[in-house]
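Reader: I have a structure to study and would like to understand the terms used to describe it. May I put some questions to you?

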Amino acid sequence: MGYSLQEIANNIGGRVVRGEGDPSDISGVASIASAGPHDLVFIEDEKMLSAALQSKAAGIIAPESLAEELSKSPKQILFCAQPKLAFARAAKFVTEQRMQDQQLGVHPSAIVHQDAKIGLGASIGPHSVIHARAEIGARTRIASGVTIGVGVSIGKEGMIHANVSIYPGTRLGDRVIIHAGAVLGSDGFGYVRDNASGTYEKFPQIGRLEIHDDVEIGANSTIDRGALDATVIGRGTKLDNLVHIGHNVQVGENVVIAAQTGISGSCVIEDAAIIGGQVGLGDHVTIGTGVILGSKSGVLTGKIVRGKGEVYWGVPARPLKQHLKELAALSRLAKSQAEEK
Amino acid sequence: MGYSLQEIANNIGGRVVRGEGDPSDISGVASIASAGPHDLVFIEDEKMLSAALQSKAAGIIAPESLAEELSKSPKQILFCAQPKLAFARAAKFVTEQRMQDQQLGVHPSAIVHQDAKIGLGASIGPHSVIHARAEIGARTRIASGVTIGVGVSIGKEGMIHANVSIYPGTRLGDRVIIHAGAVLGSDGFGYVRDNASGTYEKFPQIGRLEIHDDVEIGANSTIDRGALDATVIGRGTKLDNLVHIGHNVQVGENVVIAAQTGISGSCVIEDAAIIGGQVGLGDHVTIGTGVILGSKSGVLTGKIVRGKGEVYWGVPARPLKQHLKELAALSRLAKSQAEEK
Amino acid sequence: MGYSLQEIANNIGGRVVRGEGDPSDISGVASIASAGPHDLVFIEDEKMLSAALQSKAAGIIAPESLAEELSKSPKQILFCAQPKLAFARAAKFVTEQRMQDQQLGVHPSAIVHQDAKIGLGASIGPHSVIHARAEIGARTRIASGVTIGVGVSIGKEGMIHANVSIYPGTRLGDRVIIHAGAVLGSDGFGYVRDNASGTYEKFPQIGRLEIHDDVEIGANSTIDRGALDATVIGRGTKLDNLVHIGHNVQVGENVVIAAQTGISGSCVIEDAAIIGGQVGLGDHVTIGTGVILGSKSGVLTGKIVRGKGEVYWGVPARPLKQHLKELAALSRLAKSQAEEK
């Protein structure tokens, strides 16, 4: 069971050129190396052209710039402006159709509170727990071993993977994907030191966490609720695995944060910022719209980093050019001192 | 249902000054921006004074130094030496009362071994598993999806959040809070290389983990058991999310460790140390009483870092002043070399 | 119930010298400080010799080089070429025997799909979920709260600890140990930016994850599946806690990776490499056979680091000698500038 390339193009756009016949059994996507006769592949330039043609793939997604080279292709071609993007959309189209065959409904071993609301076509996996007043949107899938706290609301068409823990009151938008083991809405790291005894007392962590539409959160990442107000993850933002987001952080739309990065409390990350892996931000940092922060960078408490498309790197983070100059200067200095000896 | 400010003061201390009436319906705490008519707020100085007075809050916790400015306040005031601390305690008082209304007891879907002991007023959430000879103290709450291993003992009034995993034999004191997804008592990272084959064989990881009273552990943090003896987390210590503590580590009392920091095997961290986020300590490091380690610092294997209140920063960590001088020197060097060209 | 030292030697090798009698009740291993009369201890040199002799231990594992010093020992001795390795093997022998007494089989609260295959002598803990077409090898133990996805295959004699999540299609070899909370086979961090809207669309993450024989994975670590092809963790490799491995990464055999290290997509790590804690590798990095990367090092995207036994350190990682020279040069520079003032 599959689709013709034209059916796929009808859904994702692009121009189809027929090759030998027009098989209607495309059921997957694959790398050029591993493609089988029911798979689509993609190329972005001439480099992989001949490998793609020699592969077993049923069809190739390619840029219009290769129209001439592909004019005599024995394979059917889908021409698109952004072939990799079209490939991603084709994969989604094919996969989604397949998912409709999956088992739906509430597994008998799931514990669903009588005051929880489960949307139409939603599924709750084995041993998951849905607490009172939680709301699960239409067609959202909850895997196994998941805990959804009191009053949590999740939009439609979401996917919550195994063993995720969502604290009470957290709100997730539509089409949100949460990978296994992630923790959403945990208490922030806030204490008040009792000057008399030197002990720490817990500052209230009773705010909430809002995750907007189309966000994806990586495995075992943790996002704290606000202390008194809200932590917010904006629409379309993507977090990798093992990322930490502290209390009261405001992350904008279409932000990308790579693995193991930590964002301390009350930071503001504006739209379209790109943050590498293992980056650390101190409290109350602002990262401006479209800023690019290199991996392992560190930004000191309270700093503001701005510049759309500007790249910052290092600890403390500075403009890439300056960072590279300093690295080169240090290397020269060490060499010249070694020669003097 | 709530409390009068005087009832709260009776529990947490401080001097109440009545404003317009004395409502007995304070049921929460909030930020000044979001406070409703049943909420308490706090101020520490003049800066937020007028905002607090204009807020909808039922009352304000304030320092005595503002007594004059607040003498004509239309709102009731609770004067305290440390307003933020009083606010934290007020929040705890109000919340604890509310928690007493929560469902108690063992959920029917929980698996509790017949040889486990469950204390008076303790609760075990859905799908949690309590293995043989485990002991859960009075009024301790275990959320859902939690695994408590064979022979684990947990003190009274603790809170174990969803999907926490506790390995056999681990001991937790009273009033310990463990956030979702944390792993306690896992095997340490210890192997012996077989010189003949180049393969690694597991060194026994059969020690235990002791977590003392009033400790809080963040979401998805991991603390390994001792290899042969014990890993210990001292009383009142607080760990943020995604922190790693290796085998045989000894952490003292009232230590604070921020997110994503990693402490290698056999380190000693003495009382009241403050360790920033993403810090890394090599094996067998000692961090002295009251030392402050800046975020992203690294300390090499075997080093001893001492000085109460002294700040260390960088990789390898050095006194803050020296670290700043080196950063400035490098910046100047790079500039001067650029000018020479 | 225990073993004589000779019975243990028969299994792990070495030469036994009798002391006072030959007790046949050795049932554990311990540190010298905590050893009881049924425990074995080990020494590697003269340093701990007298402490070991004065301990309560039933026997001592020691190197042949101490044969003379131990000739009059009142305790029985097991002489071996690598005493620590022998100690590890003795611990394993004693422990494994004990484990055979543990409860086997499928716990009644586990959900095992009718199309899953459970091997002879395997055990499935409470509230674990085994999805369709999964295969669990002989004598493999699955703890509680574990999710094993559709079509996952796990070899024999493995140990999967509590709350582990394994995504569909992942393959694990024999004798694999996965610690609590780890996530295997999650989606990689791959998106395609739609240039028109600035939004990110998910690139297909439909490859698989293969973990070969004798691998151990630490608590709360995350390993992503390949995007289109496979992520591979080679035989005998050991990962510590909170490690992140991105999509398409190829890790060789007998590699050691310490806690909180992150390996970005498509990296290649060759056999016997040793990687410290909190290291970060950019995309498409190659770490050659036997390379040693110091803790907190960073390697830039696309770089190749080679040299068996060579130590690299710093960000960006450079040969240790050069790194130390640069640190020293910077320190001298800062001092000389301070003196000039």
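Reader: What share of the contacts in chain A with a separation of 6 or more is made by residues 24 or more positions apart?

Author: The model is a predicted one. In chain A, 20% of the contacts with a separation of 6 or more join residues 24 or more positions apart. Chain A has 39 strands and four helices, and 57% of its 341 residues are buried.

Reader: What makes strand 5 of chain C mostly covered?

Author: A residue is called buried if 20 or more other C-beta atoms lie within 10 Å of its own. Five of the five residues in strand 5 (residues 76–80) of chain C are buried, so the strand is described as mostly covered. One side holds C:Gln76, C:Leu78 and C:Cys80, the other C:Ile77 and C:Phe79, and all are buried.

Reader: How do you know that strand 1 and strand 4 of chain C pair with strand 5 of chain C?

Author: Pairing requires at least two bridges. Strand 1 (residues 15–17) has three bridges to strand 5 and strand 4 (residues 59–63) has five, and therefore each pairs with strand 5. Strand 1 runs antiparallel to strand 5, whereas strand 4 runs parallel to strand 5. Within strand 5, C:Leu78 is the bridge partner of C:Val16, and C:Gln76 is that of C:Gly59.

Reader: How many residues of chain A and of chain C are in contact with each other?

Author: For chain A the number is 48, and for chain C it is 43. On the side of chain A that touches chain C, 20 residues are nonpolar, 22 polar and six charged.

How values were computed: Residues numbered from 1 in each chain as written. Chains lettered and ligands numbered in written order. Predicted model: local features only at pLDDT ≥ 70, side-chain atom pairs only at ≥ 80, totals over all residues. Buried ≥ 20, exposed ≤ 12 C-beta atoms within 10 Å, placed from the backbone. Helix = DSSP H or I, 4+ residues; strand = E, 2+ residues; numbered from the N terminus. Contact = placed C-beta atoms within 7 Å. Nonpolar A, V, L, I, M, F, W, Y, C, P; charged D, E, K, R; others polar.
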